[in-house]
Amino acid sequence: MEQLAGGTAVVSGGASGIGLGIARAAAGEGMHVVIADIEEGPGEEAAAAIAATGARSLFVRTNVMDLDSVEALADCAYAEFGRVDLLCNNAGVHHPSPVNEMSREDWRWLLGVNLEGVIHGLLAFLPRMREQGGESHIVNTSSLAGLAPLPGGAGYTASKFAVTGLTEVLRGELAPHRIGVSLLCPGPVNTNIGSSARNRRSALDEDGEDAGGTAGRDAEAHVSAVTSRGMDPDLVGRLVMAAVMANDRYIIPHPEWREVIETRSARLLQGFDRAGELLSNL
Ligand SMILES: NC(=O)c1ccc[n+]([C@@H]2O[C@H](COP(=O)([O-])OP(=O)(O)OC[C@H]3O[C@@H](n4cnc5c(N)ncnc54)[C@H](O)[C@@H]3O)[C@@H](O)[C@H]2O)c1
C-alpha cells in the first residue's frame, strides 16, 4: 500500500507502547487513527494527543478477548471514517510463568488476548475490508517469541507462534484481494508490557471469575528491566509504516537477535537429519 495519507488506521493496544508508537507514526503519515484499548484513561489521552497534532483521532474502549466488543469497534470505525486501510492487531499481554505453575485462567487470558484478539480483529474487520475495495493492509503483532521459544514464557511463546502461523497463511490468502499482510516480530521494546497484569482483571472479569495471576513479581520485574533497555516504540511505529508501504512480509526490528533464530532453524534441520539416520537403521 503506497499511499497512507488520508486513509484510516485502527490499532488495538494503541494506548501504550508499540501500539501507541504505531498510532503516532500513522498520524505522522497523514492517516486518521482509531485507538482501541481496554484502558480508558490512557486511550483517551493518546487519542487527544494525536488529535492535537492535527490528525483525526478516536478512542474506542475495546476488550479484544470479546468478539462483540471488537465488532462494536469495527462499527464505530466504519461509521466515523467509512473505510479502514490499515488494521493493526497489536494488543498483547505477557505472563512470565513456568508451564507447571500456570492456571486455566492464565492460559485463557494469554491466549484470549494474544491469539483470539487477532482472530477477533480478522472476524470483525476482514469482511468489510474486502468489501470496501481498493488496497489495504493488516499488521499482526507477534514477537521474536513467535519465531523462537522464550525461556520461562511457554504460554506467551505458544500464543505468538500461533499468530505467526496464522499470519503467514493469511498473507497468501489475501494477496489476490489487494490486502497486504505483515508480521511484526519485535525483540525488547521499552513499553509497559512488564505490567501486563494491570489489565487482566478487566479483560477476564467481563466473562467470568478469576483468582488472579500466578506470575511471580520477580519474573514480572525481570520483564520490565529487560524491556526498559529496549527499543523506542516510536521507532518501531515508523518502521512499521515503511514496511506497510513496501508490503514487507516480516518486520523484525532487532537484527542483534538474528542468532537466536539461526540456532532454532539449525536445530529443526538437525531433526530432519537425525530422523534420516534413525530411519536408515530401522
Ligand atoms: N515490549 C516488548 O518488548 C515486546 C516484544 C515483542 C512483542 N511485543 C508485543 O507487542 C504488543 C504490544 O505490547 P507492548 O509491549 O506495547 O505492551 P504495553 O503493555 O505497553 O501495551 C499493550 C496494550 O494492550 C492493551 N491491552 C491489554 N489487554 C487488552 C485487551 N484485552 N483488549 C484491548 N487492549 C488490551 C493494554 O492496555 C496496552 O495499552 C503485544 O502484542 C506484545 O506481545 C512486545
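Colleague: Does N247 count as buried, exposed or partly exposed, with how many C-beta neighbours inside 10 Å?

Modeller: First, the ground rules. This is a predicted model: local features need pLDDT of at least 70, side-chain atom pairs count only at pLDDT 80 or more, and totals for chains, interfaces and linings use all residues. Residues are numbered from 1 along each chain as its sequence is written. A residue is buried if 20 or more other C-beta atoms, placed from the backbone, lie within 10 Å of its own, exposed if 12 or fewer, and partly exposed in between; N247 has 16 such neighbours inside 10 Å, so N247 counts as partly exposed.

Colleague: Where is N247 found, and what is its phi near?

Modeller: N247 is found in the loop between α9 (233–245) and β7 (250–251). Those names come from DSSP runs, numbered from the N terminus: helices are H or I with at least four residues, strands are E with at least two. N247 is not a glycine, yet its phi is positive, near 50°.

Colleague: Which loop holds R178, and what is its phi?

Modeller: R178 sits in the loop between α6 (154–174) and β6 (179–184). With 14 C-beta neighbours inside 10 Å, R178 counts as partly exposed. R178 is not a glycine, but its phi is positive, about 60°.

Colleague: How many helices and strands does the protein have, and what is its radius of gyration?

Modeller: The secondary structure comes to 10 helices and 7 strands. The radius of gyration is taken over C-alpha atoms, and the globule rule is 2.2 Å times the number of residues to the power 0.38. For 282 residues, a compact globule would have a value near 19 Å, and this agrees with the protein's own 19 Å.

Colleague: What share of the residues is buried?

Modeller: The C-alpha trace spans about 65 × 45 × 35 Å along its principal axes. Of the 282 residues, the buried ones make up 45%.

Colleague: What span should α1 have, and how many of its residues are buried?

Modeller: The expected span is 1.5 Å times one less than the number of residues. For the 12 residues of α1 that gives 16 Å, and the end C-alpha atoms are 16 Å apart, which agrees. α1 is mostly covered, and the buried count is 11 of 12.

Colleague: Which residues have the most contacts inside the largest nonpolar core?

Modeller: A nonpolar core is a set of buried Ala, Val, Leu, Ile, Met, Phe, Trp, Tyr and Cys residues joined through C-beta atoms within 7 Å. The largest one has 61 residues. Its largest share, 7 residues, comes from α1. Those with the most contacts inside the core are V10, V11, A23, A26, V33, I35 and V240.

Colleague: How far apart are I50 and R24 in space?

Modeller: I50 lies in helix α2 (residues 40–52). I50 counts as buried, with 25 C-beta neighbours inside 10 Å. I50 and R24 are 26 residues apart in sequence, but their C-alpha atoms are apart by 6.6 Å.

Colleague: Which residues come nearest to the ligand?

Modeller: A residue is near a molecule if its C-beta atom, placed from the backbone, lies within 6 Å of it. Helix α1 (residues 17–28) gives the largest share of the shell, 3 residues. Of the 32 residues around the ligand, the nearest are G13, S16, G17, G92 and T191.
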